[in-house]
Structure formats: C-alpha cells, structure tokens
Amino acid sequence: MRYPFAEIEPKWRKFWDNNKIHQTDLSKTDDKLYTLVMFIYPSGAKLHCGHWYNYAPTDTWARYKKLNGYNVFEPMGYDAFGLPAENYAIKTGIHPYDSTMTNINDIRAQLKSIGCMYDWDAELMTCKPEYYKWNQWLFLQLYKKGLAYRKNAPVNWCPSCNTVLANEQVQSDGSCERCGSIVIQKALTQWFFKITDYVEELLSGLDTITWPEKTKLMQRNWIGKSIGTEVKFKVDGSGEDITVFTTRPDTLFGVTYVVLAPEHTLVDKLTTGEFKDSVAKYKEEIKSLSEIERTSTVKEKTGVPTGAVAINPVNGEKVPIWTADYVLSTYGTGCVMAVPGHDERDFQFAKKFNLPIRKVILKAGTNENDELTEAFTESGTMVNSGSFTGMFSEEGIDKISLYLEENNLGKRKTNYRLRDWLISRQRYWGTPIPIIHCPDCGEVPVEEDNLPVELPYDVEFKPSGDSPLSSNEKFINAKCPKCGADAKRDPDTMDTFVDSSWYYFRYLNPRFSEDIFDKSRTDKWVPVDMYVGGAEHATMHLLYARFIHKFLRDLGYTASDEPFKHLVHQGTITNQGAKMSKSKGNVVNPDDFTINYGADVFRLYLMFMGPYELGGDWSDKGISGTDRFVQRSYELFNKFSGLGKDVKAKSEYEIAPLSAVEKSIYRKVNQTIRKFDEEVEHFRFNTAIAGMMELINELKNLDQCSKEIQVYTLERFAVLLAPVAPHLAEECWQILGNDTSLFQKPVWFTVDEKALIADSINIAVQVNGKLRDTVEAATDSDQAVVKELVMQNEKVTKYLDGKQIVKEIFVKNKIYNIVVR
RNA sequence: GCGAGAAUGGCGGAAUUGGUAGACGCGCUAGACUUAGGAUCUAGUACCGAGAGGUGUCGGGGUUCGAGUCCCCGUUUUCGCACCA
C-alpha cells in the first residue's frame, strides 16, 4: 500500500495543533533554543521552492534539537512593508494594505502545509501599528542620542516619473524601469542613523560570533577600516583648504595634482572663470552614472581641470586642482591627492591628461632613473622626498604624519568605508517618521505618548514628485508639540531594514504594549541561537541588526552584545539560471509537489538535493528517489506493525552473542545515528539522509533478526525519521505500537559506542603511491601484522620484483605504501 | 570594476587532519514478477581496453611516499556592491 500522505499529514498537523505541541512555553528557559529564519516578504508570488528550501531544512534542525530535549522556539512572521506592494498599487490601484493582507493569508496557509514547528501565537506583521509604533519609538531614542540626523544625500531620480527610484528600478543602462528615461543623481535631504558611531564594535564583535567566515569577511570589507592621515592643502590665492585622506603619506612628495569629487561643495567655489562652463558641463554629464560605473577600473577615466591650484604642504609645490568622477564624495573627505607614480587610478588619469608622473618610492632592485611603465603601489625606499629621502615607506608614513601633525598641516585619521545608514524613503508603504517640522522650532520629535504616528489609509501613491504622504492633508498637517503652531509632519517613511533590525525581540511578546518588548522575557531568550537566511543579507540587514542590538543594549534593553550567535546561509535556488521571481516568470510552485508527493517527500527532496549552503538550479528529477525512500519506510513499519506492543527492546545489546546479520544491522543502526547527529548538527542534511538510505537498504534483512533487535532497530529508525519527515515518523512510531507522539514526548537514542568499532578493516596497499590491492586486517593491526599480509599478496609483490624497497609508509587502518626504485 | 564563493560520471552530489575517488539518489541496461505499471524486486553502470592494464576530480605548473583536498598562474560560473527584501 502506498503511503497515504493526503490523510496522514493533515491528521498529524491537526494533532500537533490541537495539542499545542508547537507552542513554546517561554517561561521555561533552562534548555532554551531560539531558532529563527529570516521572516518572509509577503509578495503576490507567494511561497516558492526557495522559501521551502530556507524553512523546511531549518525546521529539521529545530525538530532535531527538540527531540534532543531542548525547549525550542521557532516563530514566523511577515516583513510586510516595502516597495513591491507599492509598485503593485501604482500599477493596479489595489491598496498596499489590502494586497499585503491577502498575500499574508495565502502565505500563512502555505506555510502551515510545510509542517514546520512554528509557534503561530508569536506571528508578527511589521505593517501593523502595534509593531511599527516601536520603530518610531526606536527612531526617537536614536534621535535623542544624536544618532538620527538629517543631511543631503544623492538619490536616483527619474525626471520623467518625477520620483525617487530604488537601485533595482534603475536598469543596467541607467534608464528608469518604468518609463525608460535616463535616471539622474539628485541630492535630497535625508534621515540617517549614525551606525558609524558603532563601527569599531561592529568590527570587533565579529570575533565573538559563530558566523560563516565569508560573511564576517564581507562585513569587515564593508566596514572598510583604513588607517591613514588627513593632509591639508592650501588653495593658492584663496582662504580655502582642501583636506585629503591618504593611507600613503609616504608618497606625498609625488603629488602632481589634487582631485575633488564633482559633488564636492568646493568645486563651484574654486573653479576659475574660464573653466566654469566645462566644469558645469562635466557635472551634468556624470549625473547619470552609478557608483559602480564611476569606480570601475576599466572605464576610461574622465575629469576636467578647475583652474585652481593647491599647495603641497611638504614642499610648497603648486599643483593643479581637478574634478573627476573616480573620486567619491561619500568616502573619506571627497578629495584625494593624486600620486600617479604610485596609484593605479591616478596613473591612468595622469597618462590620459598628460599630467606629470613622479617617482617617489623606489622598488627594490630597480634604478631611480628607470621610467615608470605602471604605478608601483607597494612599499619601498623613498626618493625625491626632501629630508625623508632614504627612509623605507613604513618609517616615512610615520615620520611624515608626525611632521604634518607638528606643523598643524594634517593629522592621523582612521577612515571607514562604512557610511551612515540612510533610512528615509520618499514612499508611502512604510513606517512614518515621527518628526514634526515647525516653522519656528524646526525639527521636533513627536511625543512618545502620541505614538504611533499612524500611516493613513487614504493616500495618492502615484508619483507626484513628493513623498506620497505629503498629499494627505489630514496626515501632513499637525501642531508643533513644542509651541503649538501649525506645522508639517515629516512626509517620509523608514527603510524596511529598520523593521527587521529588532524583530527577533518582538517575536517573544508580539502583543506587549507597555514597551518595545518585555525585557524580563527577552533577557532569557535573546540572543537568537540559530539564525538562518540568505547570504544576500550579509552586509545590510545583518549589519543593521547588529547595530540596533548594540544600541538597545546601551539603552539597557538587553545584556547581550550580539543578536545572532550562530548564523547559517542557505544557498540560492535558481531556475533556468535565474533567481525565482514573479517578474521573470520562473517561479516553481511547491504546491504541485506537496499535492503529488506530500510535504515530507518534498522536504526530504529539498534536503537531499545537495549541500544546504550551496543551493543550485532547480530540477525535480530526483524527487522519485525520496518518494521511494518514504514508501519503503512506510512499508517496513507496516510489515512489523504492532511489534513494539509485545516486545520491548533493551537500550543496549551485547554484540558477541548476536548473529552475523544482527551484528551487522546493530552496527549499522548505531553508525547511522552517529552520522545523523554529526551531519544534522552542521546542516548537512543531504548526507544525513543518504545515511538513512544506506540503513534502510541494509534493513531488507531485518526479518532475519530476533524480535528484540527488530524493535530496537525500528524504534531508532522512526526517531531518525522524525526531524526530516515529521508526519511520516509520527505515523511509523504509532504503527510500531506506541501511543505517544514523538514531538509531544521527545525521544532521542544515544549511540552504543562499542557497536561502532568494526572487527576488521580493509587497508589500501600502494606501490609508489599507486593502489595495487587491499588487504583485510583486524582493526588496529600494527605494521608488522599488515606487512606480512601485504608481502603474501601477489598483486603487490609482482611490482616489487627486482626492485629495491626504499621506504614503507604505514598509516594504521588506512594505508600501506611501499616506495621502490 | 571591486569583494566573496563554486567547478568531481549522462545528472544531483559523497569523500575527518593530504591516505582505496564516485557513498546515496536520479537516469540508463539486463533480468524477475505481473488480468501491463510512469509499480515492485534482483544485478550492472567513471572512461579507454578482449584482457593484463592504463587514464581520470575545470586548464597549466608545483610541494609530497601519496593531492579532489595544500601552494602558484589562468578559465568558467554564482552571489553582494549601500533605495528589492
């Protein structure tokens, strides 16, 4: 009989539901384990295989922990604010709230069909005022500490749609995805969170958490700490100074020009008469370029002179000031000193515009008068550098910095690539920013008692050039909390990364109304023990959450320094080479598989496909393999139905008295448990399942075992099934004769260590590193014993004839290698 | 462009610290069973070769008794790059 998943799976889900098996008692904290997957964005595309790939294997890990006695908390919620719902509204007229709620209801039903251990009492929706109220509260706390502030920042602007565009709405050729016009960069006043105040701790904290090394490295690179010196260049004939940042003050004598970012405020100020037109024209030209294009090292460098001249502080030399787009206003001071002899970008630029190139660092083994054919960017001996000539770069960096500091011409400075977090969005579907702009008092925060500032339902979200909220008179007009005068609310909303930077606290008490969360509870449960989600969040969400966590700690809201102790990234599931998305039309609907095979077969297949961290291109080719495995498992238990009622197995057996078949099965069962423990613990589900398949292949001889060994084996097999195929396992456990639920009364079997050691073992025999045969020897045999076997082996000895043995390498239980000449 | 991964049969993938390459599964081949089925069971399946044997882990070098694994050079490919989440 085929496994009737269509009856059995809903039956067990109902049982779990009715008995509240997945509701975590959060007051019990002794063996607490907080397992979290990144919450879902409720798009109209619903759940696809990529979501299942994220959730089902993580649930297997969580269930494994639960069976091992942990009090596991595994919640799920909706990251419900965001751009796609708003775009959808612009296109169709369907309100973001309505489409989001519809999507959530559909997705919830789908999520329930996976059979994960989600505690639905903890469900969260970030678009509800009871949630985003605390985003606003968080904003106010940051504001109070001076960590939320406004400044100008460039945004992608479509002049035809009259709106700000997300990077993803700008196509690769720089045009708007909606109308095709060329997108420009426009400066707008924006809200920022001062994440840079925490930069050192964000770096050092990485050493304290168990995250993939590559993710930590990405964060380190993102933060981009660099130790250097700021150098002041006076502008000739003007009171202005240009401050540049350099990590190579030892090359200061090689400066032949200075470059300002085109957006730098000094550009217009310094440009002299005849150059004004060309500079203005240049600034116009580069408006449509993205940062990636601007910094590309293959793109032809562009730039124009400003006519102004800077004075090198160490030698008084006058050098021209240029503006060029390879200098970014967002990094360092927005100005660089150009040393074409020792910087690749400067070299290219100087070549193109015929600017002088001067050698000031000598590469070891070369001559001072050799012409530079490319920039020499490493350290070396300083030349042409006044009194510093002859020093090695490291010493020169130190001495020149000291000289600059002593003469008030500069100072040592640590720079970071990390920029403050731009959190304002000129959009509707997000958390309103709780600030009122008063003509007299300026920016005034909304009183905490007046939170939430509710997002109004009625609004014109079609682009008009302004944030959609500014068109809602009722919303936008307010009284100044300080002086009572007529004032305007801030029309912007927050980046959705604000929502996701603290949601793991809120899951623990989603309806708590007195504070952002109940500290007495979160202190026991936070940090999250295991966090699973896509690697695409490596630098943004995962950095923002760490920042907010540290901020909340400084407010006294948590004792921990880091939000996520352990992090795992699932791989990306692509289809026809592309990430699954509705717009590409390559979404694979998991429902097709759950209808045909059931949830357990599908989740088994997702785990069996390959390494969890790797992902891969979607194919359903192998699903019949896991289906067969499920069928065979079900059949196996039916064959021994009820056996566990009459026969009780011991927890361990003496091995010697067992028959050969029993021995082999007993050993395999224990080896499989050992392997399963090891593999599932580290999210290696594919090999864990392969191990179980090996076991069931061996169990074709189970009827040759005593009833006790049969029960011993089957109860262990059922329990191994439980994390990977929970519905099936519950059913099998019951068929065997148990009247309890595995997840209601968790069971896990420990390995019988003495069953793991095999009596004998195959040892590879090599001659000159080439395999010639294997010999079977008792486990842990020493070299002399193995040598005797080897030397009797003709397949080996025929390669030794007439040769001289030079060396013999013996590795116990593994290899015997004879080197001959 | 910059940064970070990956590359093993026809396919998905296994392979503690360097120690028998191809576990497990798909597919395929042959057979069994059968009021015939896209079901189940048994056997085989890296490549070349009749065999002995030889060759094989993206390409090219290197270290080592021994390299899929370590080092150098290159190719291809996936992901991220600050307003998608």
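Visitor: Which residue's backbone oxygen does the side chain of Ser781 reach?

Guide: This is a predicted model, in which local features need pLDDT of at least 70 and side-chain atom pairs count only at pLDDT 80 or more, while totals for chains, interfaces and linings use all residues; side-chain values use heavy atoms, without hydrogens and water. Residues are numbered from 1 along each chain as its sequence is written, and chains are lettered from A and ligands numbered from 1 in the order in which they are written. Ser781 is found in the loop between β30 (770-778) and α26 (783-791). At 2.5 Å, its side chain reaches the backbone oxygen of Ala778.

Visitor: Is Ser781 buried or exposed?

Guide: Leaving aside neighbours within four places in sequence, Ser781 is in contact (heavy atoms within 4.5 Å) with Val786, Phe810, Lys812 and Asn813. Relative accessible area, taken with a 1.4 Å probe on protein chains only, defines buried as under 20%, exposed as over 50% and partly exposed as in between. Because its relative accessibility is 8%, Ser781 counts as buried.

Visitor: Which helix gives the most to the surface near RNA strand B?

Guide: A residue is near the strand if one of its heavy atoms lies within 4 Å of it. Of the 65 residues around RNA strand B, those that come nearest include Met609 and Arg628. With 6 residues, the leading contribution is that of helix α23.

Visitor: With which residue does Glu263 form a salt bridge?

Guide: A salt bridge is a side-chain nitrogen of Lys or Arg within 4 Å of a carboxyl oxygen of Asp or Glu, and the structure holds 50 of them. Glu263 counts as partly exposed at 41% relative accessibility. With closest N and O atoms 2.6 Å apart, its partner is Arg294.

Visitor: How many residues apart in sequence are the parts tied together by Glu562 and Lys550?

Guide: These two form a salt bridge, with closest N and O atoms 2.9 Å apart. Glu562 lies in the loop between α17 (541-554) and β25 (567-568) and Lys550 in helix α17, so the separation of the parts, in residues, is 12.

Conventions
Helix = DSSP H or I, 4+ residues; strand = E, 2+ residues; numbered from the N terminus. Polar contact = N/O pair within 3.5 Å; in protein donor to acceptor, adjacent residues only side chain to side chain.
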